[in-house]
Amino acid sequence: MADQTSLFIVSLVLIALQTQHTAAKKLPNFVHVCKRTDPELESCLMKTIESIRPELPNGIPKMQIPALEPMVIPMLQVNRNVESLKVKATIKDIQAWGGSKFVLSNLKVNLEKLVGEGTVLLPSLLVNCSYDIDGRLMVIPLKGQGIFKGNITNTKADIKASVEILKDKKNREYFQLKDIRLKVKVGDATGKATNLYNPNNDVITETAMSFYNQNRRMVLNIITPIIEEISVEFAMQIGNNVLKTVLYDEILPIELS
Ligand SMILES: *[C@@H]1O[C@H](CO)[C@@H](O)[C@H](O)[C@H]1NC(C)=O
Ligand SMILES: *[C@@H]1O[C@H](CO)[C@@H](O)[C@H](O)[C@H]1NC(C)=O
């Protein structure tokens, strides 16, 4: 079992997405559908993704896809205790713009093995949130409450996923994610933290910000595992909600009708 002192624990309060227990209404008709045996399955699936992209800013409620412009996360709790980073933080009212502009490449899907992989690039993510943080990054204290605004650029994620096929009550097949592995590399992140009680910032906030600005690459590498963990949690929860609304026979039919 996870040892609380050595592993970090991320708990999430997700957007209250309605979970559907019985799956599979009809797919919205704008969704590009691929034949299961398409010899060019990956390039067909890229068309599927492009067919839904215009709807992503507002989300697709019927498919349980949340709005991406902005993406709203009511709260995240981060609790990490490793040598370089000992921190407890509550991050609230997160809004992020730019999520729908992802670029997908290197897509590979194997329907026999039920695995897939790909690379996602997010050119720019503009984020704002409020934070309440207590801890330290190496020797730098992190403490205070305030507002953070930032610009996270060129985030690249190599993703590997495996799925299983389940059956609903009517014996119809749908996918659920079994496992997601992520390797994230944040290109750069710039931003400003403003202390809630002292908009000109206290010494602790200023010290942390200037340490970050002088050691960006190192700090980003230290926090990347947290980003990976949070992203996997999100991808599992949101992905499985979406996949519950889609029948295997609808999204990847044996014959196109
Ligand atoms: C983030 O920006 C939006 C739009 O400018 C604003 O409505 C919201 O209050 C901001 N959130 C925080 C936590 O500052
Ligand atoms: C975010 O950063 C990118 C790359 O540096 C830049 O092109 C973009 O203008 C920035 N956006 C804002 C709102 O600062």
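Tutor: Let's start with Cys44, which counts as buried at 8% relative accessibility.
Student: What makes Cys44 count as buried?
Tutor: Buried means under 20% relative accessible area, exposed over 50% and partly exposed in between, with a 1.4 Å probe and protein chains only. Cys44 has 8%, so Cys44 counts as buried. Before we go on, this is a predicted model, where local features need pLDDT of at least 70 and side-chain atom pairs count only at pLDDT 80 or more, while totals for chains, interfaces and linings use all residues. Residues are numbered from 1 along each chain as its sequence is written, chains are lettered from A and ligands numbered from 1 in the order in which they are written, and side-chain values use heavy atoms, leaving out hydrogens and water.

Student: Why is the link of Cys34 and Cys44 called a disulfide?
Tutor: A disulfide is a pair of cysteine sulfur atoms within 2.5 Å. The sulfur atoms of Cys34 and Cys44 are 2.2 Å apart, so the pair meets that definition. In general, a disulfide is a covalent bond between the sulfur atoms of two cysteines.
Student: How many disulfides does a search of the whole structure find?
Tutor: One. Its angle about the S-S bond is -105°, and the link of Cys34 and Cys44 is left-handed. Cys34 lies in the loop between β1 and α1 and Cys44 in helix α1, so the pair ties together parts that are 10 residues apart in sequence. Names such as these come from DSSP runs, numbered from the N terminus: helices are H or I with at least four residues, strands E with at least two.
Student: Is Cys34 buried or exposed?
Tutor: Buried, with a relative accessible area of 0%.

Student: Which residues of α1 are buried?
Tutor: Leu41, Cys44, Leu45, Thr48, Ser51 and Ile52. They cover an arc of only 105° around the axis, so they are on the same side of α1; the arc is that of the directions from the helix axis to the C-beta atoms. These buried residues pack against β4 (103-110) and α4 (248-251).

Student: What is Arg36 in contact with?
Tutor: Contact means heavy atoms within 4.5 Å. Not counting residues up to four places away in sequence, Arg36 touches several residues, among them Leu41, Tyr248 and Leu252. A polar atom of the Arg36 side chain lies 2.7 Å from the backbone oxygen of Leu252. Arg36 is itself buried, because its relative accessible area is 18%.

Student: What makes β5 and β6 a pair?
Tutor: Two strands pair if DSSP finds at least two bridges between them. Here 22 bridges join β5 to β6 (residues 140-167), so they pair, and they run antiparallel. Gly118 stands opposite Ile159 in β6. The two strands form a hairpin with two residues between them, and Met138 in the turn has a positive phi of about 55°.
Student: Which other strands pair with β5?
Tutor: β3 (residues 85-97) pairs with β5 (residues 115-137) in the antiparallel sense over 11 bridges, and six bridges join β4 to β5, also antiparallel.

Conventions:
Polar contact = N/O pair within 3.5 Å; in protein donor to acceptor, adjacent residues only side chain to side chain.
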